[in-house]
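Good morning, and thank you for coming. Please look at the structure on the screen while I speak about its aromatic rings.

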Amino acid sequence: MNFTQPRLRLLSILSVTLLILGCTAYYLLRPDGAPAYEGFSAEDMNEGGIEDIGTLALPEVEKRLNYLIHDTGDSLRSLALVMDAQLSLTIGATEPASEQALQYEELFVPFTSAQLKTALASVQDLRFAQKLFADGSEVRLDTSSLDPLWKRAATPDEPVAAQYRPERLRFRDGSEKNFADLTAPAQIESDEILSPRETIALSVNKPLASLGLTIAYRSYPGFKKVVLDKDHPKVALDDGQSFQLTALGDDSASLRLSTLKTSTLVVQGVTEAGKALYSNGNNTRSFPSDEDIAALRDYHAALLETKKDLAQLKTGQAVQQRLEQVTQALVTGVGPLKNTEADYHFEATPQRIVIHVLDPLEDNTVEFTQVDNVLAEQARYIALDRSAERYGFIDQAGQWVIKPRWVQVQDSLMADTYTLFTPEKSSDPESDGQALRSQLAYFPAGSNKLVDLPFEYITEALSNGLLLVERETNGPYGLYDARNHRFILPMKFVNPTVTDNVFIARLGKRTDVMEGLYGAYTLDGKEILPTQFSGIEHREGFLYTSSADRSRQDVFDLEGKRINLQGYNVIGRFVGQQPLLVQDTKSRKFAFINRQGARLPIKLPYDEVAPFSNGMAVVGRNGSYGAIDLAGTLQVPLDYTQINAFQTRYAAAIRAGGGSGLVLISQTNKLIKELGSYTSLKVPDNGNEARYYVRDPSNSDEYLVYDADGNLVQKDE
């Protein structure tokens, strides 16, 4: 049995360290039980441990014993200084800290083994990805659903180290194999436990359907919570552990703790509001328990007895044998507690110290019988020949159906369709590099032969197997039926948008060239509106158009029927059940129509009319403004020089003769609030997100910002 230096070996086992507070050591008060100073000179001692004492001659053995006696006695005398120190709670005066300036930590809430086990039992979305090669494959687990659980089960400073072991492997061809039975490549042994960030190497290249997984982890079975403050500075637990707050103030707290050597502590400084203050670090100093000190005294006595019996022992080997036996007995008999002095520093002085005493970590495992492959089952799979650096396709048994020939192969938005990359020489004659040419191709049903597609990009996968496709970069778009491999709309459109069942685009060959007019089609290729408009917008079941010369605005239903009256331009949009504002292009008179296009009996004897917003429409005559409701009643008289679009409850307005003073009014013209001299506005229709910017009356260089309901949002936004 080999030993290191006794002070390093035995005293580390007993957790012995001389305590120093600041720059002042504890002074000797009552050194009862501490051995007297031995008085050995340097010439009387041979520094070392007991591991080689058997090789020394007897005179040197005695010098070694002198050193061990002196070393152990010195430790006991130092401990006497520490243990006799009398402690009392010291409260320091501190200034209250600003709440806004403080930083906070996440309040620690223990997550025990039982809670973790329950949470793991509810996990159902574990997946893995498999990369296939000519001579094997690699599996990488997706542990994103587990990582938050490991974080909750860990302490703030120490993450949980979960380890993952694959078990039963189930392949797409119906076969099964134990992971341990496979001969893995040399870099990973088949019986190795892996971290979730590692790649699991397999010696077979057959596509996997699922695998069984065992996860080994450690967690805390339970905990005790201790709260210390100035009114309750000391707490003792039934198992002998004790906790004492010895100082509180100046943004710090000092503790004396007597805790189990196997337990873990999480200490946080908490404010009156229950927030955990950010910790600026801590200093800890440990010293042994009474049982440990008694063991150290026994060791000191055994050294003295051994020196006394040196003549009878006769050899260094006999001395070493006795001391090894003594040391072993002392190591197994030390006490379970350790004593610690700790100083914690925070951004402010906490109101209380919360200590979670976590039980010793225990080993646990959880089994997931079926972890699925993220890649769905298919007739063939992309695989890489690493030696040739080329991609091809294999079947479910891992056999090549198309041998490697492409430098890259990528899945697409269409089933059984891939983008194939082949090298081609750069068009630059001075370049030594190779460019890549891409080609979309698909496998027809029941065939292992790829067929090229007449487009380069799949821009969007729509419903029922429809695809929005593009011929080449900045090229034309079309609608393609991937199920029957035919075009619904040919590739002669640019700037397309697809909403619900409507395809809107303009005729053209290049997206970077402004040419052609817009039309609208259903997704089965039926024309709704011909390509004769400068713009078309689809909104809430209607199509709003602008004529080619932009002089006329109309609204159509999805059958292509115009809704607005002949000779009237549309202003605004249908929103909810509010009518739509239109204007006669000749007389400039206003009217409102319903969703069927019928003119509503709302009289509008006004020069200006705005579309409805939240049930109110602003109207004006001769520079004066008011507002009408949905029945056409003038609820707000023409007493304002400006009224903005009504929000859910109020509108911002300027009264006649009011300069730039902005006020909030209700739908019945009730004054809600005077906001002040406005500088700018952000007022959406039919919403409640308005922002009003007015000058700060106390400082003309700053601004106040109010929301739609008149609440002050912030200054100088």
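Rings of Phe, Tyr and Trp (its six-membered ring) pair if their centres lie within 6.5 Å; planes under 30 degrees apart count as stacked, over 60 as edge-to-face and the rest as tilted. This is a predicted model, in which local features need pLDDT of at least 70 and side-chain atom pairs count only at pLDDT 80 or more, while totals for chains, interfaces and linings use all residues. Residues are numbered from 1 along each chain as its sequence is written, and side-chain values use heavy atoms, with hydrogens and water left out.

Which residues form one aromatic cluster? They are Phe 393, Trp 406, Tyr 418 and Phe 443.

Across the whole structure, the search finds 14 aromatic pairs. In one of them, the ring centres of Phe 393 and Tyr 418 are 4.9 Å apart and the planes stand at 65°, so this pair is edge-to-face. Phe 393 belongs to strand E22 and Tyr 418 to strand E25, so the pair ties together parts 25 residues apart in sequence. Strands here are DSSP runs of at least two residues, labelled E and numbered from the N terminus. Phe 393 has 0% relative accessibility and therefore counts as buried, a term for under 20% relative accessible area, with exposed over 50% and partly exposed in between (1.4 Å probe, protein chains only). Tyr 418, at 2%, is also buried.

A further edge-to-face pair joins Phe 455 and Phe 487, with centres 6.2 Å apart and planes at 80°. Phe 455 is buried at 3%, whereas Phe 487 is partly exposed at 30%.

Key. Helices (H or I, at least four residues) and strands (E, at least two) are DSSP runs, numbered from the N terminus.
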